[in-house]
Amino acid sequence: MTITPLISLLLLLIAAALLPSPSLAEVKTLKIVNDARPMILFEKFGFTHTGIVTITVSAVFVSSTLSQPDPSRLGFFLLSEESLIQVLLELQQNPNFCVVDSHYINLLFTFRDLSPPPHSSFNKSYPVSFPNEYSLFFANCAPESQVNMDVRTEVYNLDNGGSTKDYLSAGLTQLPSLYSFFSIVYIAFLGFWCLNCVRNKRSVHRIHLLMGGLLVMKALNLICAAEDKHYVKVTGTPHGWDVLFYIFQFIRVVLLFTVIVLIGTGWSFLKPFLQEKEKKVLMIVIPLQVLANLASVVIGETGPFIKDWVTWNQVFLLVDIICCCAIIFPIVWSIRSLRETSKTDGKAARNLAKLTLFRQFYIVVIAYLYFTRIVVFALRTIAAYKYQWVSFAAEEVASLAFYMVMFYMFRPVERNEYFVLDDEEEEAAEMALRDEEFEL
């Protein structure tokens, strides 16, 4: 099936909008082999008034089953967000329209500008006249043709009077400082958690140790993210920090989902073992998180220029949704189990406290998932390109709030809500348990 330029452009832009984290505009060297796509998205970058685009292409070869392709029908261009609608309308009105002929794009060069074979190369830097967020595209309007070429892209803004290159988009240049700040916050958080565990040794369970490990991984993940973004900002390459970032991100995400599932089941502090259905949830969530992190690495380390990039985005979104749904089930099962138990064991006050706690935890988890998956995405979509960092800050604030509430609710304490034995409270609890307010 032939993919029209309109469909290709729409798929690329939708996938770019759905990215869990927009790809960094670092220096990239790519090899395009036998590619017949009508449109290839290379970068999406927020430029200031000192923005520069440098493109180097070499070893260019275009093959076609028809006549020799017209080199003016293949080229690189910049497209702003404001001009996108106009280009889409042009393509919709005339499916055979070549986007390089559009008056709404900033055409950089076509293959007509290449040096003669056998080198077939081109190298030039282009200043960006008007500050905006632009997408760097390659268009192939030659019918039944395939392109082979080596491409090197370098996209950056100049700071300090033009003496310093900043390879982070105008809306992301604050990320190194943002992640550094939150890493310090989590290190302090870990210190308070360790102190609380030491003060309440008798009430410390295995789940509390896992929660401490989660804080360690979160802090390390943020430190690596800060270093990764710093080196990309300064040099255009992460210098290996991206590898550490993905390692700690994988461990942290798996630990987070595991801790939520285990807390939802009441493991270690309510019961020493897991039921079969609870084990099955973990057996589903953990492998899916491995797949989700693999998709995240492919998305982050490659880019929309690879042929299966849209597919990897769809895999990530699907797996993330499944995992978010799966971790809710253990909490619901615990609430229902506690309601059934409260009818027979005669410990109304204790069961009421547990029910209240798990119901609150259920609401907190739902709120966290809703905010980080929907509200943050909405912020990234509607925020101006200069304020993209706000969505990342909102996500980190929401994550910190979730961690603090979860750790406070299930902190180790010598005397907590589970052991309420006052007679009046026992009678009040029995009345409350007859109510249906704890039914989900």
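1. The model is predicted, so local features need pLDDT of at least 70 and side-chain atom pairs count only at pLDDT 80 or more, while totals for chains, interfaces and linings use all residues. Residues are numbered from 1 along each chain as its sequence is written, and side-chain values use heavy atoms, with hydrogens and water left out.

2. The structure holds one disulfide, a term that here means a pair of cysteine sulfur atoms within 2.5 Å. Cys 98 is joined to Cys 141 with an S to S distance of 2.1 Å, and the link is right-handed, with 90° about the S-S bond. The two cysteines lie 43 residues apart, Cys 98 in the loop between H2 and strand E5 (106-110) and Cys 141 in the loop between strand E7 (132-140) and E8. Helices (H or I, at least four residues) and strands (E, at least two) are DSSP runs, numbered from the N terminus.

3. Cys 98 is buried at 4% relative accessibility, whereas Cys 141 is partly exposed at 25%; buried means under 20% relative accessible area, exposed over 50%, and partly exposed in between (1.4 Å probe, protein chains only). The sulfur of Cys 194 is 6.5 Å from the closest cysteine sulfur, in Cys 197, which is too far for a bond.

4. In helix H2 (residues 81-93), the buried residues include Leu 84, Val 87 and Leu 91. On the other side of H2, Glu 82, Ile 85, Gln 92 and Gln 93 are exposed.

5. Strand E3 (residues 51-64) pairs with strand E8 (residues 145-159) in the antiparallel sense over 12 bridges, where pairing requires that DSSP finds at least two bridges between the strands.
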